[in-house]
There are 2 protein chains.
Amino acid sequence: MSDPTRAPELTARAAALDAADPLAAVRDRFVLDDATVYLDGNSLGALPAEVLPRLADVVTREWGELRIRSWEESGWWTAPERIGDRIAPLVGAAPGQVVVGDSTSVNVFKALVAAVRMAPPGRTEILVDAATFPTDGYIAAAAARLTGHTVRPVPAAEVGAAAGPATAAALVNHVDYRTGRLHDMGGTTAALHAAGALAVWDLCHSAGALPVALDADGVDLAVGCTYKYLNGGPGSPAYLYVRRELQPRFDSPLPGWNSHADPFGMAPGYQPAEGAVRGRVGTPEILSLLALEAALDVWDGVTTEDVRAKSLALTDFFLDCTAALLPAGRAEFVTPAPHAERGSQVSLRCAGAAEVMRELTARGVVGDFRPPDILRFGFTPLYTRYADALRAARILADVTEGTA
Amino acid sequence: MSDPTRAPELTARAAALDAADPLAAVRDRFVLDDATVYLDGNSLGALPAEVLPRLADVVTREWGELRIRSWEESGWWTAPERIGDRIAPLVGAAPGQVVVGDSTSVNVFKALVAAVRMAPPGRTEILVDAATFPTDGYIAAAAARLTGHTVRPVPAAEVGAAAGPATAAALVNHVDYRTGRLHDMGGTTAALHAAGALAVWDLCHSAGALPVALDADGVDLAVGCTYKYLNGGPGSPAYLYVRRELQPRFDSPLPGWNSHADPFGMAPGYQPAEGAVRGRVGTPEILSLLALEAALDVWDGVTTEDVRAKSLALTDFFLDCTAALLPAGRAEFVTPAPHAERGSQVSLRCAGAAEVMRELTARGVVGDFRPPDILRFGFTPLYTRYADALRAARILADVTEGTA
């Protein structure tokens, strides 16, 4: 399989692909150095250049000078829904359905409890993607325990077929965090609806890397983080999508004062606000939230279709490079080859994966390791070059040669 | 009551008090201007000077250069418990019992659900401070609904006496946000324990303004925000205290992966970590969290006893000034005069309170208005001067004269 004679051809291809890349200039909107090939944007996105100047102004002027007045005058109070509307087009949502705040885990809790409360009466189970990112499963179990449901794990591709008259809702990952497999949102959602169940999607590993069509696919509720392909910074707040038609029935298990119809009325009784705001809870972490807002500027003039085209071309090229350069039998591709089933990462199974990743990192290629034996390489189309993909494959070939 | 002839005496007293203030120099640790008398630190604390340089380093170097490596190398992963241990001495807690993250509302939810799960079997009600900050009541109702309890509102001072064999837990505000009344933590907690119930305290309006003795008072669980007297910045993350002896039984309703015993093992089954870490949920908002950490530097060498002494002297002086300068009958003191019942704010009831506060703000005295007719003035001992208190009283006298 390995064919080192192809190296010059690969170098020429990388150069040609980079020269023709319509997103090439977007890389300049980030703070990056050429010493590192950063393929871990699926865990923590790189730093957009806009963030620090914006944050300095938020701290110095908005907090330091205006202080309490900034809740109104600097637009802090409405930031969760304003920034939600910036994310909306990236996930295929019309305005007014996405609100930012809290962690992904907390939003999974809101979404699942709200979903089972909206399900037809008498439904007893929540289906959960069996290979889910663990926190989704833990929180689903917690939500099920509090609402008197059971959790049934089902492989993501079989969730639609598994749904039946007992199913209240299903929680599915759009892209599997470990394998990079992309699941069928439209088909699964339709099957869930046919069974009378609600569809809750986790977009952590898809939003910002490929087009997501929440509205068109009829999704009921969705959650996602913003620190991966949306580059919002470490632990930047997550978001919650609540389909417009469901908003009047969205009954939050965490009805904090930020979701009250008249939050400054300080009434003892809870009266929910209308719209996506109903998904808010307590006071948002403004510094993290406004850093995210600045980070979203990198999307100006960028379409998710362009991003998807480059993502597939990048991962195709990386697969080609590794096939050509890696010693035979050293690594097994885990990420599906068909485009329709591939997210924006390439996962490889290999012996000594943890050690291989340490060595790669030491040599300037940063991906990550997921137990027991997976190397993950995330390709963020906004700032990853084809030359980076080739360099990563070359160093990976060297390192795996060394471990043979 | 008003006696303008006392004005020169008040000016001299303010100068003498400021000259003798052992905390006077702490004001220089904040970014403040003399044009404004900022008496809203009980809503949003002023900006500590350390915050911007620290945040610039977090963004530029830790996120921008080290990127994903910072979770380990820059101590991001352990920040919630590390910063919890910085807050611990301010609330009278030995290390290992406080963890930072999420909003106050979310922490109230964790604390209350965990509390009723630890209560003796068969208990059916949660007592809630009848004058509570609204979100605590909304969340208590939500927690009660999910766990099959009822909520019974009781005036905070009567919570101990009201607790009985049906009481699972009580949620009480240490200082009432509207009146500034300080409640008896030790006595109420002891009475709750005598009834077999758990005590959950909300410290939002006391921590950082006066000594809190969670360990000594036997409190079971507590929550608090960090953006008021702890000056952590807009919406900075809240904290959760779980008494050490209860930690092994703390059964979180939000068992996110950050509270797992082996979070990077990515196991499908949940196994809680030991200690305060069990109160974590999802990925913390690192920028807001580390801004808070920098903000806590202002406490170096400052004791809560010194803060309390100055707080009482400041509010006493402000009460004196308003009594001397305000036209008779213009305002009614709502905050209790006895020191043992007073927090660090002065609340006044007056006609046209909303308009009075708008005018005060326009004239450089920033407090806030709480419906229906309360003016709140928060006195942060770390940066408020006696001269500020006098100036605020003078302008308030002018403004209320104008509204007569």
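Visitor: By what turn and what shift can chain B be laid on chain A?
Guide: Superposition is by least squares on the C-alpha atoms of residues with pLDDT of at least 70 in both copies. The RMSD is 0.0 Å. The two copies are thus related as by a two-fold rotation axis. Chain B reaches chain A by a turn of 180° and a shift of 0.0 Å along the axis.

Visitor: What kind of model is this, and how are residues and chains labelled?
Guide: Residues are numbered from 1 along each chain as its sequence is written, chains are lettered from A and ligands numbered from 1 in the order in which they are written, and side-chain values use heavy atoms, with hydrogens and water left out. Local features need pLDDT of at least 70, side-chain atom pairs count only at pLDDT 80 or more, and totals for chains, interfaces and linings use all residues, for this is a predicted model.

Visitor: How many residues of chain B are in contact with chain A?
Guide: Contact means heavy atoms within 4.5 Å. On the chain A side, 75 residues take part. Of the contact residues of chain B, 100% recur in chain A. The count for chain B is 75.

Visitor: Which residue of chain B meets R67(A) in a salt bridge?
Guide: The rule asks for a side-chain nitrogen of Lys or Arg within 4 Å of a carboxyl oxygen of Asp or Glu. It finds 4 salt bridges across the interface. In one, the N to O distance from R67(A) is 3.3 Å, and the partner is D33(B).

Visitor: Where is R67(A) placed in chain A?
Guide: Its phi is near 50°, a positive value in a residue other than glycine. Helices (H or I, at least four residues) and strands (E, at least two) are DSSP runs, numbered from the N terminus. R67(A) sits in the loop between α2 (51–66) and α3 (70–73).

Visitor: Which loop of chain A holds P372(A)?
Guide: The peptide bond from P371(A) to P372(A) is cis, with omega near 0°. In chain B, a cis bond likewise joins P371(B) and P372(B). P372(A) is in the loop between β14 (368–370) and β15 (374–378).

Visitor: What is the radius of gyration of chain A?
Guide: It is taken over C-alpha atoms, and the globule rule is 2.2 Å times the number of residues to the power 0.38. With 404 residues, a compact globule would come near 22 Å. Chain A agrees, at 22 Å.
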